[in-house]
Amino acid sequence: MEVLQPIPNVKIPKLNTFTNMRTRRIPAPRLNSHSIRAESSSSSFASSPAPLPSTAGEKMVVKLVGAFNELTERMNVLSSSSSRLLFKALKLSIPMLQSLPLSPDSRSPLTKALSVALLLADLQMDAEVISAGLLRQVVESGGVSIQQVRDRIGIGTAHLLHESLRVKNNVNLKLQVLDDETAAALRKFCLTYYDIRALILDLAIRLDMMRHLDYLPRYQQLMISLEVLKIHAPLAHAVATNYLSFELEDLSFRYLFPFSYLFVDTWLRSHETGSKPLIDIYKEQLLQCLKTDATLADLVEDVSVQGRYKSRYSTMKKLLKDGRIPEEVNDVLGLRVIIKPSSNLVNTSEVGERACYTTREIIQSLWKEMPHRTKDYIARPKANGYRSLHMAVDVSDNGKTRPLMEIQIRTEEMDMLAVNGTASHAFYKGGLTNPEEAKRLKAIMLAAAELAALRLKDIPSTNHKGFEFDRRDRVFRLLDKNGDGRISIEELMEVMEELGAPGEDAREMMQLLDSNSDGSLSSDEFDLFQKQVEFMRNLEDRDDEYRTMLDEKLQMAGDSGLIQVYSTELGNRLAS
């Protein structure tokens, strides 16, 4: 059994995680980008913004529209039935979450629920899983029962809530000793007996909790982090959510071994240059060379480059387990080139292979290849079907030595097999060393996903104005219940009441948004309102981003008490 030595109370360094996940970058608010003139209005939003919402009902609708749009922006595939399900879940959860007290970490329950939902949306989970993430706190607080969720939202969401609560309760019940054998048995139990999507929901909740652990006493931080490192991070590997697993590992590492984390983090940061991560510089440099190569252009329709840094935890394991010195950790920097062969040429599989080898030649002309680290898994695939070109290059420049950068080159088909097919090594990192068992589990996962897709199957859209119009118009169509192309005062009052606000608030909101005073809202008038909601949301996000940056840069001012004084004054002004 592993025994942790006590660690003194220290200030935990901030986590700096780099992942392969697509993350939403908040653009700086540009007023001109929102100066869109509605056909029925004589002035633009930028030059004449509508008054801010004042009644409880108006604020609820703003939260509803903002949350729905932010979630759907991150979901690559969203049918109209999925939209309806998500919209119903938000209408049910928002007023209930608003009524709950602050979480122990001082966040509002609504903020916490949306954080989990956004994590699930980034993972491209279906609307049932995201709805379950929104409603989990409400169910746990007793605000609504699983039976009521089944009646009002759907049986799929209710089932996932039931399963996720089983995962939480049974893991806590069975978790008595945290040695390797017990942890491996518990992981296998979870993967065998629970809906995989419920496991991913629980993992997203765990990650959100780990991101906000500073409020707890040191001993609780240690116990939770050890459990996450032993149980939940390997589970995240096993269900192929590497984005979750890497961050869970690094957060656990940060709390369990803060001094070691600080050493590794400082060393990895030393390979950055200026304000831009080094990996982004190399990624852009390689992509530019690939896009401008005429020979490659004849073979491919598209080419993309993904970049990553080695996780802090993984780097630490290599340094300790393998006894390497930092300079011998060769995969700190990594790029993956994904190629889409041209469909205009016969035998796209053969064309894709030629494009991979051409890409390797371009890289050889750009950086110095290390021949002893080159592996050709296209000509000689692995036993599990994995195919890819691997190479390592020396990116040292101007006399500055840098770690070798590993590069993988593969086609979209090869990548799909590697990430989602039998070649995936995620199950092995999750503790399943039997290939047949891993294969069987993958089949169960796919079956669950197909069942969810079937339940949320959509009729092909007859909208010919394009995908962007569909995204913009989605909330409007959900509020326009009779389908006449306008939101009436009765329809607006109905949604207000569903949100737990006085229906009369709808009249004041109608006056604010109804620019031509015809007693209803057109799609253009409602779209202008959505632009205003987006603009306000971006300002809030940008303020959070600036606050984090200033907190780091003005540490001395904070220590002298100036930040606290200004923060109190600002809070008083906002409250009044």
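Two strands count as paired here if DSSP finds at least two bridges between them. Strands themselves are DSSP runs of E, at least two residues long, while helices are runs of H or I with at least four residues, and both are numbered from the N terminus. Within this pairing, Arg336 stands opposite Gln408 in strand 6. Strand 2 is also mostly covered, with seven of its nine residues buried. Buried means under 20% relative accessible area, exposed means over 50%, and partly exposed is what lies in between (1.4 Å probe, protein chains only).

A word on the model: it is predicted, so local features need pLDDT of at least 70 and side-chain atom pairs count only at pLDDT 80 or more, whereas totals for chains, interfaces and linings use all residues. Residues are numbered from 1 along each chain as its sequence is written, and side-chain values use heavy atoms, with hydrogens and water left out.

Now for the charges. Side chains of opposite charge can pair when their charged atoms come close. The rule used for a salt bridge is a side-chain nitrogen of Lys or Arg within 4 Å of a carboxyl oxygen of Asp or Glu. By that rule, the count is 26 salt bridges.

| Salt bridge | N to O distance |
|---|---|
| Glu140 and Lys168 | 2.5 Å |
| Glu301 and Lys340 | 3.6 Å |
| Lys481 and Glu494 | 2.8 Å |

Take Glu140 and Lys168, whose side chains meet in a salt bridge. This pair links distant parts of the chain: Glu140 sits in helix 4 (residues 127–140) and Lys168 in helix 6 (residues 155–174), 28 residues apart. Glu140 is partly exposed at 38% relative accessible area, and Lys168 is partly exposed at 27%.

Glu301 lies in strand 1 (residues 300–309) and Lys340 in strand 2 (residues 333–341), so the pair ties together parts 39 residues apart in sequence. Glu301 is partly exposed, at 39% relative accessibility, and Lys340 is partly exposed as well, at 34%.

Finally, there's the salt bridge between Lys481 and Glu494. Lys481 lies in the loop between helix 19 (467–479) and strand 7 (487–488), and Glu494 is in helix 20 (residues 489–498), so the pair ties together parts 13 residues apart in sequence. Salt bridges with shared partners join Lys91, Lys481, Glu494 and Glu498 into one network.
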